[in-house]
Amino acid sequence: MNNKNTKIRFILISIGVLFYFFANFQRIAIPGAIFDILEQELHVTAPFITAFGAIFMYVYAFTQLVNGVLVDRFGGYRIMLTGGIILGLGAILFPVTNNLVVMYLSRALIGLGSSMFYLSLIRELRNNVSEKNFGLSISVMLFIGYTGGIFANAPFVYAMKFANWKEILIAIAFCIIISAFVFSILLSRVKIEPVNKQIKMRTLPFRLVLHKKHNRNLFSFACCNFAIFYTIQTIIGKKFLEDFCGMEISNSSIILSCMAVIAALFNIINAYVCKLTHNHRVKFLKKASQITFGSLLVICLLIMLDIRSNIIAVIFCILAANASLSSILVPVLHLTNRKMISSTAVSIMNFCFFIMVGLLGTVIGFLLNIFEPIKKGAATVYTNQSYLLVFGLFFLLSVFEMYKAMKLSNKY
């Protein structure tokens, strides 16, 4: 491989990381950061708004099950370019219309495009980076991706002081489209691996993974732990802090950005702490389930007693740290499954993560509307009873999560 080809490949990877950044921005910013604005401008109730997040998660989740095969068959670069084009199309559609059907279609396209970068980047980094630098390069990629979630809250809300939210999203969409155009030109100038037509979709690895009881228990624990935190971050957390805690929009968005920072950092910190405790990973996961249970119990009690304390913001940050367990969960899956199916096990876990977030987003929209909301000017404020239903659901899931964690075996 000559130096020119190597340079172009790393530029392509860098653009792919930029796509991953924008994908994380889109995943978290809508509807979380503009929940109230969407309600007011579209004149719809909570279920229609939470659907923006849920549709993204459903599409993102199901594509996790096939992306591994697609990347192995077509190569990471081709999949990244396809994802960039689809992401750009969805990103430009959302802010240019008020038609709900078109907006839902755009969210589905954004979810589809966003799902195509993670595995593609890992594959191409593996092909182009030395073994000793591979772990570091993955960490850098993930950190840049997570910063998309950071910008999706406080910086996005701050930018809305100077421009309409639609104008901001249109500008971002054009950045994605231009990046995809540059990517396509560069891709035509470098030799990439041919399509591997022998790679096909098979059900056997999925059946082998799901047949194992330990895997089923781990997936059940992990999806509840992640989905509770991620639903708070992407759908309901900002709105709850404003309605129940009485936070200003700028302050609530800062809290959500802090959650993204904490989530990024604690994937590294949790792995390091786990290593210091002699890699007793299952014990670490059991402790995490207890923290989730205790955190949600406190939030439910505060809502029941109408104690509108900013301590809830602290608890949200604890949940963000406590849900950043991929650096522990993935090694457990690799240790407990044969090499031929370990990647499939990871893809199934990712599916469980995001399908649960989608389901919770759908259910939450209806729970919020069970009790009549209050109008404060143009804003809709949901009652304590509505939020108690939402966090009561989270609490019940935390009980199930803890039950499944206790069934995990320390013996691999």
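At what angle do the axes of α3 and helix α4 (residues 76-93) cross, and within what distance do they come?

**Entry 1: ground rules.** I noted that this is a predicted model, in which local features need pLDDT of at least 70 and side-chain atom pairs count only at pLDDT 80 or more, while totals for chains, interfaces and linings use all residues. I also noted that residues are numbered from 1 along each chain as its sequence is written, and that side-chain values use heavy atoms, with hydrogens and water left out.

**Entry 2: α3 and α4.** I looked up my opening pair and found that the axes of α3 and α4 cross at roughly 120 degrees and come within 6 Å. That makes α3 oblique to α4, where angles under 35 degrees count as roughly parallel, over 145 as roughly antiparallel, 65 to 115 as roughly perpendicular and the rest as oblique. For my own reference, axes are lines fitted to C-alpha atoms, for helices over the stretch in contact, and the angles run from 0 to 180 degrees between N-to-C directions. Helices are DSSP runs (H or I, at least four residues), numbered from the N terminus, as are strands (E, at least two). Leu70, Val71 and Phe74 of α3 meet Gly76, Arg78 and Ile79 of α4, contact being heavy atoms within 4.5 Å. I sorted this contact by class into 4 nonpolar, 1 polar and 1 charged residues; Ala, Val, Leu, Ile, Met, Phe, Trp, Tyr, Cys and Pro count as nonpolar, Asp, Glu, Lys and Arg as charged, and the others, Gly among them, as polar.

**Entry 3: two partners of α11.** I then turned to helix α11 (residues 213-243), whose axis comes within 9 Å of that of helix α2 (residues 35-42), with a crossing of roughly 90 degrees. The two helices α2 and α11 are therefore roughly perpendicular to each other. In this contact Phe35, Asp36 and Glu39 of α2 meet Ile235, Lys239 and Glu242 of α11, a set with 2 nonpolar, no polar and 4 charged residues.

Helix α10 (residues 204-211) also packs against α11, at an angle of about 85 degrees and with the axes 5 Å apart. Here Val209, Leu210 and His211 of α10 touch Lys213, Asn215, Arg216 and Phe219 of α11, and I list 3 nonpolar, 2 polar and 2 charged residues.

**Entry 4: a charged pair.** Which side chain meets that of aspartate 72 in a salt bridge? I found arginine 123, at 3.1 Å from N to O, a salt bridge being a side-chain nitrogen of Lys or Arg within 4 Å of a carboxyl oxygen of Asp or Glu. Aspartate 72 lies in helix α3 and arginine 123 in helix α6 (residues 118-128), so the pair ties together parts that are 51 residues apart in sequence. By this rule I record 6 salt bridges.

**Entry 5: loops on either side of α2.** I checked the backbone too, and the peptide bond from isoleucine 30 to proline 31 is cis, with omega near 5 degrees. Proline 31 is in the loop between α1 (3-29) and α2. Histidine 43, in the loop between α2 and α3 (46-74), has a phi near 55 degrees, which is a positive value in a residue other than glycine.
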